[in-house]
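This report describes selected side-chain contacts, charged surface patches and backbone features. Please view the sequence and the structure together while reading.

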Amino acid sequence: MTRKKKGKSKKGISNLTNTILSILKKDRNQSFNYKQIAAKLGVNDASSRNQIIKTLAKLAAQQEIIQVERGKFKAVINTEYHTGILDLSAKGSGYIICDAFDDDVFIASNNINKALNGDEVEFYVYKRRKRGKLEGEITHIIKRDKSDYVGVIQLHSNYAFVIADSTKMYKDIFVPINKTFKAEDGDKVLVKLEDWPENADSPYGKVIQVLGKPGDHNTEIHSILAEYGLPHEFPHEVEAFANTLDTSITEEEISKRRDMRKDLTFTIDPKDAKDFDDALSFEILDNGLYEIGIHIADVSHYLQEDTVLDDEAYERATSIYLVDRVVPMLPEVLSNKACSLRPHEEKYTFSAVFQMNDKCEIKNEWFGRTVTYSDARYAYEEAQAVIESKTNEIPKEVSLTGKAYKTDQKLADAILKMDELAKIMRGKRMSSGAISFDKVEVKFHLNEEKNPVGVFFKTSKDANKLIEEFMLLANRKVSEFIGKKDPKKTFIYRVHDEPDDSKLANLQGIVSKFGYKLNFKDRKTTSASLNNLLKEVNGKKEQNLVDTLTIRSMSKAEYTTHNIGHYGLAFDYYSHFTSPIRRYPDVMAHRLLQHYLDGGKSVSEEAYEDKCNHSSAMENLATKAERDSIKYMQIKFMQDHKDEQFVGVISGVTDWGIYVEIISNKCEGMVSVRDMTDDHYAFDQDVYALVGRNTKMMYQLGDEVVVKVKNTDLVKKHLDFNLIGKKETE
């Protein structure tokens with residue numbers, strides 16, 4: 001509770017009605033008289049006491065509180081309490097997301113009552129609406145979302161404060177001097193919250209790790225991971241356990257598997273890939289069908305349940321792909337060696353093998369453990385060269401060896417035939433209502449010191465789509481194989497719900513500013529309309545913005561044992577099966593598939609739903625860390641370009657300024673309305689624009705403008721621009 005200072009009574013105690021309700025509802029089983037309330041507010045003058053007495057009488061008359069005995073008041077017991085998740089703004093106020101209400105419930109900063117962003121809280125809603133919106137107060141913190149925060153420490157003689165990096169942490173964290181972990185003044189640290197005493201303005205914490213000096217590259221990357229509670233190295237006992245595993249290929253184990261070492265097999269991966277968790281095999285059968293094997297590293301052969309290695313992999317649940325490094329789910333002895341389907345090596349694999357005709361109709365399918373031998377490794381660019389030239393020649397510009405060479409003709413023929421089949425499968429998906437997200441990925445050229453010296457965009461070509469289609473086929477068919485079993489078997493699905501109508505309406509409102517129209521008549525029309533939008537914006541200045549907004553309008557894909565299908569892919573059944581080196585749900589899918597192939601009974605749905613929830617949560621944290629690392633690298637890149645002018649697109653408009661995304665490198669920064677000094681600008685929500693009061697100059701979503709870097713803050717991951725003006729039309 002925020003204490004009111006003495007001496008404010010003559011002007012009236014601000015927000016007194018809500019403050020009294022807050023006191024009574026926080027201790028709802030206790031009764032209070034006006035003196036006790038005055039003491040809690042820290043006031044003792046006659047004017048304040050009179051205000052309190054009058055407000056108590058008014059609230060009692062409105063039946064918002066009850067007088068239990070003369071002069072003693074209590075909260076009305078029939079107040080309905082709800083639970084929800086708090087989403088804080090940088091200003092300290094927030095909204096609670098709660099299933100009981102269609103709209104989020106606004107919580108003013110003085111009604112937050114020590115809750116923090118992401119906390120699960122109990123709250124009640126005022127009977128009256130404020131400014132047309134629901135408003136409430138938090139009465140109890142059910143569960144803290146997190147206890148560890150990254151920030152910069154400020155040392156004083158016998159105490160310290162940590163100023164959190166996160167803009168959503170509205171209080172500095174008090175640290176007793178004996179709990180500073182030998183941090184030096186100004187160090188970036190990880191601090192753990194321990195307590196928040198009743199009368200303390202700040203929470204108390206202790207430093208648990210010194211991360212380094214702010215601005216240092218490794219410090220900032222480790223800070224990103226620490227902020228989300230993600231690891232950056234393996235515990236010693238996990239590494240030691242992994243190094244003792246027998247990774248040899250034995251005749252005894254081969255005898256238990258389908259031997260596919262003689263089948264023509266190859267991998268296609270990024271040129272800088274270190275782990276190859278999938279391979280394809282290709283054979284033309286005597287009956288004219290194509291037998292195509294999708295071979296996945298058999299991680300579960302090595303990763304046994306109830307071991308320290310498996311516990312660590314489960315906790316991590318995913319590899320994390322930061323701009324300058326990968327934080328793997330599994331130690332290197334597995335991820336880069338034993339489980340990596342490297343060329344000219346025999347490997348244990350888990351395979352989905354399909355026999356199909358020229359129309360991609362599947363005539364036969366087989367799932368099980370195999371042993372394979374990869375005949376060749378291709379980079380995407382090499383496979384793309386084969387597809388484009390329709391020859392077996394690999395030019396030196398794309399060759400992994402740096403020299404031109406001819407690949408085996410049989411392998412080139414396999415790539416070309418599988419490219420044809422992949423295009424047919426993709427066409428079928430699109431006509432079924434799948435949505436084609438080919439979002440441009442921002443990548444950086446890094447020098448030896450890990451500094452960005454250039455930006456480039458990664459786009460998906462035919463070779464990428466070839467691999468994607470066959471991985472989708474395996475994921476879909478494994479899921480279907482288990483999902484259609486009778487009686488029902490527990491399995492891990494990757495589901496994607498239909499988009500929310502209000503989000504689609506919001507997308508429509510924004511893209512209409514660029515002249516695009518959408519049609520949401522039914523599911524199929526919606527998909528076709530979204531695909532058309534994504535096609536229309538391809539190559540346009542607003543492409544990245546529209547792609548991003550369209551993705552945000554979609555529901556989030558997640559793991560669950562309850563199958564509802566995958567909207568974005570237009571599949572009734574879908575699971576993750578093809579990347580067990582980097583995703584724990586795939587490991588679980590492998591284990592369950594083998595369990596059911598062996599005739600095992602259905603496993604506990606409840607236990608696996610918990611594992612699904614954990615996997616979805618960890619995937620979400622990894623995605624946030626990955627985004628933060630891109631943002632960090634973009635700001636680092638812009639530090640060296642402070643004297644240049646850039647053309648950008650207005651990607652967001654708010655009452656505090658405009659967000660601008662630079663077209664040439666996709667870096668996004670903000671122009672503060674305070675820095676737009678040529679006029680007084682106000683936000684017009686109807687047209688998504690800042691409009692000048694005198695000149696009527698309008699800066700609207702999608703406008704092209706010229707900006708210059710004003711400030712780069714690597715610690716806060718903030719990029720500020722100065723606005724030069726609108727781009728002149730040619």
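## Aromatic pairs

Phe 282 and Tyr 290 are both buried, a term for residues under 20% relative accessible area, with exposed meaning over 50% and partly exposed the range in between (1.4 Å probe, protein chains only). The model is predicted: local features need pLDDT of at least 70 and side-chain atom pairs count only at pLDDT 80 or more, whereas totals for chains, interfaces and linings use all residues. Residues are numbered from 1 along each chain as its sequence is written, and side-chain values use heavy atoms, with hydrogens and water left out.

Across the whole structure, a search finds 18 aromatic pairs. The pair of Phe 282 and Tyr 290 counts as stacked because the ring centres are 5.8 Å apart and the planes stand at 20°. Rings of Phe, Tyr and Trp (its six-membered ring) pair if their centres lie within 6.5 Å; planes under 30 degrees apart are stacked, those over 60 are edge-to-face, and the rest are tilted. Elsewhere, ring pairs link Tyr 159, Phe 161, Phe 174 and Tyr 204 into a cluster.

## Salt bridges

The whole structure holds 41 salt bridges, each defined as a side-chain nitrogen of Lys or Arg within 4 Å of a carboxyl oxygen of Asp or Glu. One of them joins Lys 171 and Asp 201, at 3.0 Å from N to O. Lys 171 lies in the loop between β9 (159–164) and β10 (173–176), and Asp 201 in the loop between β11 (188–195) and β12 (204–212), so this pair ties together parts that are 30 residues apart in sequence. Helices (H or I, at least four residues) and strands (E, at least two) are DSSP runs, numbered from the N terminus. Lys 171 is partly exposed at 22% relative accessible area, while Asp 201 is exposed at 55%.

Lys 213 and Glu 184 also form a salt bridge, at 3.2 Å from N to O. Because Lys 213 sits in the loop between β12 and α4 (217–227) and Glu 184 in the loop between β10 and β11, the contact ties together parts that are 29 residues apart in sequence. In a further bridge, the closest N and O atoms of Glu 361 and Lys 363 are 3.9 Å apart. Salt bridges that share partners also join Glu 253, Lys 256, Arg 257, Asp 298 and Arg 369 into one network.

## Backbone features

Most residues other than glycine have a negative phi, and most peptide bonds are trans. His 344, by contrast, has a positive phi near 60°; this residue is in the loop between α9 (332–338) and β19 (346–356) and is exposed, with a relative accessible area of 52%. Lys 450 likewise has a positive phi, of about 70°, and lies in the loop between β24 (441–446) and β25 (452–458).

The peptide bond from Asp 486 to Pro 487 is cis, with omega near 5°. Pro 487 belongs to the loop between α12 (462–483) and β26 (493–495).
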